[in-house]
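Trainee: I am new to this structure, and I would like to walk through it with you. Could we look at it together?

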Amino acid sequence: MSKKSKANGRVVSEPGMDNTLNMWYTELHENHSGNIFRVERTLESTQSKFQRIDVLETTGLGKALALYGSLMAAEGDHNAYNEMLAHVPLFSHPAPANVLIIGGGDCGCLTNVLKHPQVKRATMCEIDKMVVEVSRRNFPKLTRGLDDSRAKVMFKDGKKFLETTEKKFDVILLDLSDPIGPAAELFQKSFHQTVYDRLNDDGILVAQSESPFFNQETVRNMFANLSEIFPLVKLYLCHMIIYPSALWSFAFCSKQYHPLDSFDHNRYRKLARSMKNEYYNDDVHFGSFALPQFVKKLVTL
Ligand code: SPD
């Protein structure tokens, strides 16, 4: 029954509009499902030569970075992706002095690589300078590594760089967005062969390899290709709330070292406290290689 007063008649109001500031970021996966995060405001929105770049202040996950409408990083995701991409190979290699990151514009991987005192030089080759600039302005925790004297950042096409450099690396990390647009080339076998050639004889490559739930063909094809190049290829997982399916995969590819047999327990124990990790630890290192059956099937050739 509507409220009524003698003087004013029936009260007219729309309580459903009390909360009009009701903005949501929606990211669809395969056009049938998706992630949705509540947005307080847009902090930056710009277009670089390569892609659209947005920084959003979200309600639940703090600041978040989206490239071409796909979330890459958020303050509240516990840094799982960056820590797993960096620490799993670095604790599996006995002397990771020279590390190369291809991509990685938000600098979260670089910052984690530089938590290792064994690293003498961490080179990051990112095609889009604007991603690094936007990240530096908005994500101080992720970009801390930029101020480390061991960091060397270049703004170049990663494929061209690796095809022309004569340098060799102990560890190469492919911190890539998705296999679309110009980055697609960096997911292909010919590029992985170039990476293999630029690794030292005991080198390790880790490549992000997409969602084992939504991108099964990508995972299957990448692992088949990589297994034709590297003697040892293992898939490992992490939980990433902002990525499709919240489950993410990495390809650990090695010329010599096994990620579990070569794990350096002593070095980990010495460094664990100072690293201030939010996701990675020694148990997670080992557990991340335990695969659910549906993932195991993707990489069983
Ligand atoms: N669809 C999002 C997949 C993102 C994977 N890579 C992220 C790179 C962030 N440095």
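Mentor: Gladly! A residue is called buried if 20 or more other C-beta atoms lie within 10 Å of its own, exposed if 12 or fewer, and partly exposed in between, with C-beta atoms placed from the backbone. This is a predicted model, where local features need pLDDT of at least 70, side-chain atom pairs count only at pLDDT 80 or more, and totals for chains, interfaces and linings use all residues. Residues are numbered from 1 along each chain as its sequence is written.

Trainee: Is Tyr236 buried or exposed?

Mentor: Tyr236 belongs to strand S13 (residues 232-239); strands are DSSP runs of E, at least two residues long, and helices are runs of H or I, at least four, numbered from the N terminus. Inside 10 Å, Tyr236 has 23 C-beta neighbours, so this residue counts as buried.

Trainee: Which residues does Tyr236 touch?

Mentor: Two residues are in contact if their C-beta atoms, placed from the backbone, lie within 7 Å. Leaving out residues up to four places away in sequence, the partners of Tyr236 are Val88, Phe250, Phe252, Ser288 and Phe289.

Trainee: Why is strand S9 largely enclosed by the rest of the structure?

Mentor: Strands pair if DSSP finds at least two bridges between them. S9 pairs in the parallel sense with strand S8 (residues 98-103) over 5 bridges, and with strand S10 (residues 151-155), also parallel, over 5 bridges. S9 (residues 121-126) is largely enclosed because, of its 6 residues, the number buried is 5.

Trainee: How is the chain divided, and what distance separates the domain centres?

Mentor: The bounds come from an automatic or database domain assignment. They give domain 1 (15-76) and domain 2 (80-299). Taken over C-alpha atoms, the centres of the two domains are separated by 25 Å.

Trainee: Which element gives the most to the side of domain 1 that touches domain 2?

Mentor: The contact takes 21 residues from domain 1 and 17 residues from domain 2. Elements giving two or more residues to the domain 1 side include strand S4 (33-47) and strand S5 (52-58). With 5 residues, the most comes from S7.

Trainee: Which strand gives the most to the shell around the ligand?

Mentor: A residue is near a molecule if its C-beta atom, placed from the backbone, lies within 6 Å of it. Among the residues surrounding the ligand are Ser70, Asp106 and Tyr243, and each domain supplies at least three residues to the shell. The top contributor, with 3 residues, is strand S7 (residues 70-74).
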